[in-house]
There are 2 protein chains.
Amino acid sequence: MKQSKLYIPTLKQTPSDAEAVSHQLMLRAGYVRQVSAGVYSYLPLAWSVIRKLEDIIRKEMDKVDAAEMQMPAILPADLWKESGRYETYGDNLFKLKDRHEREFVLGPTHEETFTSVVKESLNSYKKLPLVLYQMQMKYRDEDRPRYGLLRGREFLMQDAYSFTANKDQLDVIFNQMEQAYRNIFDAAGLNYRAIIGDAGAMGGTDSKEFSAIADIGEDTIAYSDDSDYSANLEMAASKMDENLVEDKKEAKEVDTPNVHTISALAELLKVEPARIMKAVAYMADDEPVLVMIRGDYDVNDVKLKNYLGADFLREATPEEVSDVFKSVPGFIGPKGMDEKVKVLYDSSLVGLMNFVVGLNKADVHLFNANFDDIVEETPEFRDFRIIKEGETSPDGHGKIKFTRGIEIGHIFKLGTKFSKALGANFLDENGKSNPLIMGCYGIGISRLLSAIIEQHNDENGIIWPVALAPYQIHVVPIKYNNDVQGKLSDEIVELLQNEGYDVLLDDRKERPGVKFADSDLIGLPIRITVGKKAADGIVELKIRSTGETIEVSKDELVNSVKILLKNQ
Amino acid sequence: MKQSKLYIPTLKQTPSDAEAVSHQLMLRAGYVRQVSAGVYSYLPLAWSVIRKLEDIIRKEMDKVDAAEMQMPAILPADLWKESGRYETYGDNLFKLKDRHEREFVLGPTHEETFTSVVKESLNSYKKLPLVLYQMQMKYRDEDRPRYGLLRGREFLMQDAYSFTANKDQLDVIFNQMEQAYRNIFDAAGLNYRAIIGDAGAMGGTDSKEFSAIADIGEDTIAYSDDSDYSANLEMAASKMDENLVEDKKEAKEVDTPNVHTISALAELLKVEPARIMKAVAYMADDEPVLVMIRGDYDVNDVKLKNYLGADFLREATPEEVSDVFKSVPGFIGPKGMDEKVKVLYDSSLVGLMNFVVGLNKADVHLFNANFDDIVEETPEFRDFRIIKEGETSPDGHGKIKFTRGIEIGHIFKLGTKFSKALGANFLDENGKSNPLIMGCYGIGISRLLSAIIEQHNDENGIIWPVALAPYQIHVVPIKYNNDVQGKLSDEIVELLQNEGYDVLLDDRKERPGVKFADSDLIGLPIRITVGKKAADGIVELKIRSTGETIEVSKDELVNSVKILLKNQ
């Protein structure tokens with residue numbers, strides 16, 4: 001392809017409003033342009049990468065017998081009301097009405113649509129399992145779209161849905177899909193981790209999230225430095241040593257006037273925060289909940305919400321602490337707590353002795369307290385804690401480290417949530433009607449573009465992995481309108497295309513400096529410069545990732561390119 | 001691919017609500033399902049055909065150096081207001097607001113978006129010409145979606161846009177694109193005509209429409225039985241012999257009480273309709289217009305509208321004939337017509353003598369009238385007439401015939417309409433700023449599916465052209481779970497796949513009759529039945545289009561298939 005026939009509006013300056021490196025580079029290298037907030041046009045180079053990603057995905061889906069199809073993007077609102085998600089998605093749904101005032105949504109995901117289409121005929125165990133997928137633009141009215149393609153409002157997804165007759169079938173498909181997804185991310189040259197995701201809304205922990213390591217990532221991943229363990233910070237189980245047994249001391253009330261924080265309390269009483277029993281007041285679906293936790297730890301809202309099975313969870317306001325918990329903000333504690341309040345104890349408290357705790361009275365705390373001072377029997381302890389760096393990994397192997405990640409894929413065992421809601425049933429071997437057991441699987445294709453660039457770039461631009469590069473080879477004549485250079489360039493392009501390579505020829509009348517800078521920015525794996533030595537049939541090969549250059553003659557060219565591309 | 005892994009919900013009965021044969025067959029053969037009026041899901045077989053069409057289009061676009069990219073489907077309403085089309089598209093636009101109350105439309109076409117994206121950098125004659133295209137779902141809120149994919153509200157288009165520096169460059173690209181489109185329709189096995197379209201809204205006649213011949217088509221095409229001439233009925237020029245000269249007779253008023261139609265008038269006065277000067281009253285952008293035409297012809301609204309340059313045209317109501325035209329409904333004529341009314345004469349009236357005409361008085365007509373009886377000088381005649389079958393073709397070669405057609409593609413020389421509206425300029429060789437000269441080109445990909453099936457079917461189902469069939473070969477074992485048949489079937493599938501063929505294997509536990517009926521319905525070019533002679537390595541090949549069958553041994557299979565597919 002001749003470069004003059006593509007539209008590649010490169011920029012000299014880094015756009016000031018782009019924060020993420022991938023966003024900056026995609027703008028600078030002429031890959032995308034914003035049409036409105038979070039809505040992008042994919043210019044020819046970006047679209048070429050997208051199509052290569054799609055082909056990789058197709059190849060892996062073929063292997064697991066998943067069939068490609070295409071659902072509409074405009075979906076009847078009724079279907080979403082039936083599943084209950086019209087409500088739960090709220091403002092994130094783009095909504096519209098047609099000329100007859102019928103309500104529609106722009107699909108952010110298609111569980112309802114697939115379920116409703118297959119239920120017509122997927123009515124016997126003989127037709128199961130079945131896996132269907134599509135690759136399609138999705139819509140989500142993000143409150144704060146940002147980071148270019150990372151959090152957009154129109155974005156390309158591959159979404160797959162599996163329909164099975166029983167849990168065993170589902171497990172087989174789920175594992176096949178996990179492997180397929182791993183193959184896809186490996187092929188895309190990504191450094192990623194498969195982690196236990198927040199499956200809260202879907203129920204259960206039968207889900208995995210694939211996260212590409214990147215500083216710009218919106219999720220914090222907790223992983224072990226010595227095992228496969230990784231989890232979203234919100235989901236990471238926490239394993240900890242029990243507090244040490246010591247001699248029980250005499251409890252006494254101490255004055256703590258106007259002290260409202262753990263750190264102020266620790267300073268005033270000259271104790272470690274680990275010696276304070278912290279109380280955090282919540283409203284869970286309008287019910288008061290008090291969580292007790294060691295003062296050096298924080299409550300993990302997701303764990304708490306999942307344990308309670310609550311739809312909405314938030315910290316209580318000071319007014320609620322007074323009015324609902326009948327306590328004093330800053331001095332709240334479990335002793336004598338109103339019986340309407342559910343009191344929970346985090347496992348960080350196991351064995352804690354001689355601690356400081358609030359008494360629901362202003363300006364005092366109980367010092368050297370022990371469990372028998374505040375409750376009648378030792379309570380049950382549960383894990384409500386956010387894991388910390390340096391802790392022992394929950395699997396017992398290695399220490400926990402944190403890193404940031406970009407969610408690039410997600411696989412879920414959905415169960416019967418949607419099939420029940422939409423009445424999608426099948427007859428089993430015994431002629432009994434059962435709801436279909438479903439799984440859903442998704443890859444953020446456009447977001448993958450950002451993740452790959454976040455991991456593959458340098459100060460000069462993008463560095464494409466060979467499998468995804470829009471073109472593998474960039475032929476850059478110093479002067480294309482010079483007869484010798486032009487002729488050799490054309491010959492080289494033909495030679496390489498005949499070998500099956502995608503080749504981009506810079507046929508523009510630009511200064512060499514401009515061409516080289518653009519070439520680095522665009523980031524194709526190999527640049528072939530055709531210059532003065534063209535008369536001798538000699539050209540320069542430059543490897544984008546290392547910057548190394550070698551001179552080769554036309555005769556050695558195909559072989560050299562083959563070796564260089566293989567070794568990247 | 002195993003048939004059990006696809007979702008192909010075939011139906012025994014023809015759905016009663018589907019009128020078009022293609023719509024019926026796509027439902028019956030399990031290709032599509034309706035999700036809401038005019039909005040479809042493309043099941044695996046249909047999507048496979050769509051992807052083959054996309055590949056054919058890509059190949060042809062590559063040849064003309066057009067570059068693929070992708071624009072968003074949700075577009076800022078402001079862009080459409082700027083071009084003026086927010087208004088003119090009216091209710092056909094799907095409109096929506098985001099959570100911040102910003103207005104968007106779902107793109108039915110992308111002239112504005114492409115123009116606005118390229119204007120940033122396409123700023124020099126050196127960068128021209130440039131052709132960009134995309135393949136994308138489009139949205140149009142049709143008042144009456146019908147005929148399945150033929151008139152949908154979400155539909156797949158290929159839309160291309162060319163940017164050029166001058167008319168010559170535009171002509172070159174336009175001709176290249178026409179040839180590319182012809183190649184695409186030829187490859188798709190379509191019987192189509194390239195016709196002069198209604199370019200009214202775009203201006204000028206520099207447009208061509210590609211129309212697939214089909215009874216269900218919404219357009220009537222007038223074509224010559226002896227030349228290349230074809231045009232939409234609305235646009236077909238009309239060439240006719242002049243009326244014969246005869247002796248002028250004496251005009252007289254005759255009573256024609258309560259006679260309001262040409263046929264009633266002709267019967268009452270015992271004259272041919274061709275002897276009556278018919279008057280048709282219109283309101284064009286609220287201005288009264290009276291068109292005179294021979295009684296055996298009809299006025300072509302499109303020609304009239306184009307001639308007047310009017311935005312809205314409709315026939316006047318009887319009230320308007322009385323109040324605005326100051327005449328009497330049924331008895332209107334040019335004589336003494338109010339001077340506010342523009343009176344036009346169709347060329348069918350050239351040389352007409354001794355005719356019948358209204359006098360703007362109730363219950364009388366002028367009989368044996370001549371032009372000097374009704375107007376002061378012979379008026380100018382223009383072509384406002386709808387052409388009729390059997391007429392001489394406007395190019396003078398052959399007779400006109402009518403057929404129905406489905407619009408499958410359209411190419412336009414847009415000129416500077418959008419570049420001017422959106423300020424997309426470039427510097428020419430002399431450093432002077434000029435608006436870009438544009439062309440736009442479109443193929444209705446999903447509609448193409450319908451058009452192809454309309455032309456390729458029989459009473460048993462679809463008959464796919466080889467190039468588009470979702471799979472070229474259907475391997476149908478009578479009993480797949482019979483060891484011998486199963487093994488031979490698997491071998492055959494592998495053999496053919498290794499030769500590069502797409503093969504569908506019917507591995508279902510269904511009765512042979514069901515399998516054969518489904519196979520005919522789905523319509524793959526070759527069926528290979530593996531039955532009792534499997535033990536001898538013998539199978540039956542059936543050609544879908546002719547119904548012919550031959551027995552071949554496994555050894556001859558690949559060769560036989562190759563020959564049969566080539567000769568279709």
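This is a predicted model: local features need pLDDT of at least 70, side-chain atom pairs count only at pLDDT 80 or more; totals for chains, interfaces and linings use all residues.

**Exercise 1. A pair within one helix**

Task: Find where Lys63(A) and Glu60(A) sit in chain A, and decide whether each is buried or exposed.

Solution: 
- Step 1: Start with the contact. The two side chains, Lys63(A) and Glu60(A), meet in a salt bridge, at 3.1 Å from N to O.
- Step 2: Now place them. Both belong to helix H2 (residues 44-63) of chain A, and they are three residues apart, about one turn of the helix.
- Step 3: Check Lys63(A). Its relative accessible area is 54%, and the cut-off for exposed is over 50%, so Lys63(A) is exposed.
- Step 4: Check Glu60(A). Buried means under 20%, so Glu60(A), with 7% relative accessibility, counts as buried.

**Exercise 2. A pair across chains**

Task: Work out which elements hold Arg33(B) and Glu120(A).

Solution: 
- Step 1: These side chains form a salt bridge, with 2.8 Å from N to O.
- Step 2: Arg33(B) lies in strand S1 (residues 32-36) of chain B, while Glu120(A) is in the loop between helix H5 (111-118) and strand S7 (130-139) of chain A, so the pair joins two chains.
- Step 3: How open are they? Arg33(B) has a relative accessible area of 8%, so it is buried. Glu120(A), at 38% relative accessibility, counts as partly exposed.

**Exercise 3. A link along chain B, and a network**

Task: Say how many residues separate Arg85(B) and Glu112(B), then name the members of a salt-bridge network.

Solution: 
- Step 1: Arg85(B) and Glu112(B) form a salt bridge whose closest N and O atoms are 2.8 Å apart.
- Step 2: Arg85(B) is in helix H4 (residues 85-89) of chain B and Glu112(B) in helix H5 (residues 111-118) of chain B; they are 27 residues apart, so to speak in distant parts of the chain.
- Step 3: Arg85(B) and Glu112(B) are both buried.
- Step 4: Now the network: Arg51(A), Asp55(B), Arg58(B) and Glu68(B) are joined into one by salt bridges that share partners.

**Exercise 4. The largest cavity**

Task: Describe the lining of the largest cavity by class.

Solution: 
- Step 1: There are three cavities of 30 Å³ or more, and the largest has a volume of about 50 Å³.
- Step 2: Its lining residues include His474(B), Asp520(B), Leu524(B) and Arg544(B).
- Step 3: Helix H14 (512-522) and strand S29 (526-530) of chain B each supply at least two lining residues.
- Step 4: Sorted by class, the lining has two nonpolar, two polar and four charged residues.

How values were computed
Residues are numbered from 1 along each chain as its sequence is written. Chains are lettered from A and ligands numbered from 1 in the order in which they are written. Side-chain values use heavy atoms; hydrogens and water are left out. A salt bridge is a side-chain nitrogen of Lys or Arg within 4 Å of a carboxyl oxygen of Asp or Glu. Helices (H or I, at least four residues) and strands (E, at least two) are DSSP runs, numbered from the N terminus. Buried means under 20% relative accessible area, exposed over 50%, partly exposed in between (1.4 Å probe, protein chains only). On a 1 Å grid over the protein atoms alone, a cavity is a set of points where a 1.4 Å probe fits but cannot get out, and a pocket is an open set with protein on both sides within 12 Å along at least five of seven lines; lining residues have an atom within 4 Å of a point. Grid points are joined across faces, edges and corners, and a volume is the space filled by probe spheres set on the points. Ala, Val, Leu, Ile, Met, Phe, Trp, Tyr, Cys and Pro count as nonpolar, Asp, Glu, Lys and Arg as charged, and the others, Gly among them, as polar.
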